[in-house]
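Colleague: Could you walk me through this model?
Modeller: Happy to; here it is.

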Amino acid sequence: MTIQAHLESLEKKHGALEEKLHDALVSPSKNDHHIAELKRLKLRIKDEMERLRASTRH
């Protein structure tokens with residue numbers, strides 16, 4: 001898998017997590033643990049995308 005393809009895959013996952021997080025936040029039965037886990041996953045993916053982008057700038 002090329003770096004660009006990996007980045008695109010991560011961007012899709014990040015977007016899907018954003019949608020899940022939005023749905024969880026507007027849900028009347030909020031589960032704080034679930035919301036925190038979604039935020040952690042989203043941040044991990046964002047960090048990985050930034051690392052990949054930084055490695056391609058050099």
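Modeller: Some questions and answers on the helices and a few residues follow.

Modeller: Two ground rules before we start. This is a predicted model, in which local features need pLDDT of at least 70 and side-chain atom pairs count only at pLDDT 80 or more, while totals for chains, interfaces and linings use all residues. Residues are numbered from 1 along each chain as its sequence is written, and side-chain values use heavy atoms, with hydrogens and water left out.

Colleague: How far apart are the end C-alpha atoms of helix H2?
Modeller: Helices are DSSP runs of H or I with at least four residues, numbered from the N terminus. The expected span is 1.5 Å times one less than the number of residues, so the 26 residues of H2 (residues 32-57) should span 38 Å. The end C-alpha atoms agree with that, at 37 Å apart.

Colleague: Is Lys 42 buried or exposed?
Modeller: Buried means under 20% relative accessible area, exposed over 50%, and partly exposed in between, with a 1.4 Å probe and protein chains only. Lys 42 lies in helix H2. Its relative accessibility is 17%, so Lys 42 counts as buried.

Colleague: Which residues is Lys 42 in contact with, leaving aside neighbours within four places in sequence?
Modeller: Contact means heavy atoms within 4.5 Å. The buried residues of H2, Lys 42 among them, pack against helix H1 (3-26). For Lys 42, the contacts are His 14, Leu 17, Glu 18 and Leu 21.

Colleague: And Glu 19, buried or exposed?
Modeller: Glu 19 has its place in helix H1. With 57% relative accessibility, Glu 19 counts as exposed.

Note on methods
Helices (H or I, at least four residues) and strands (E, at least two) are DSSP runs, numbered from the N terminus.
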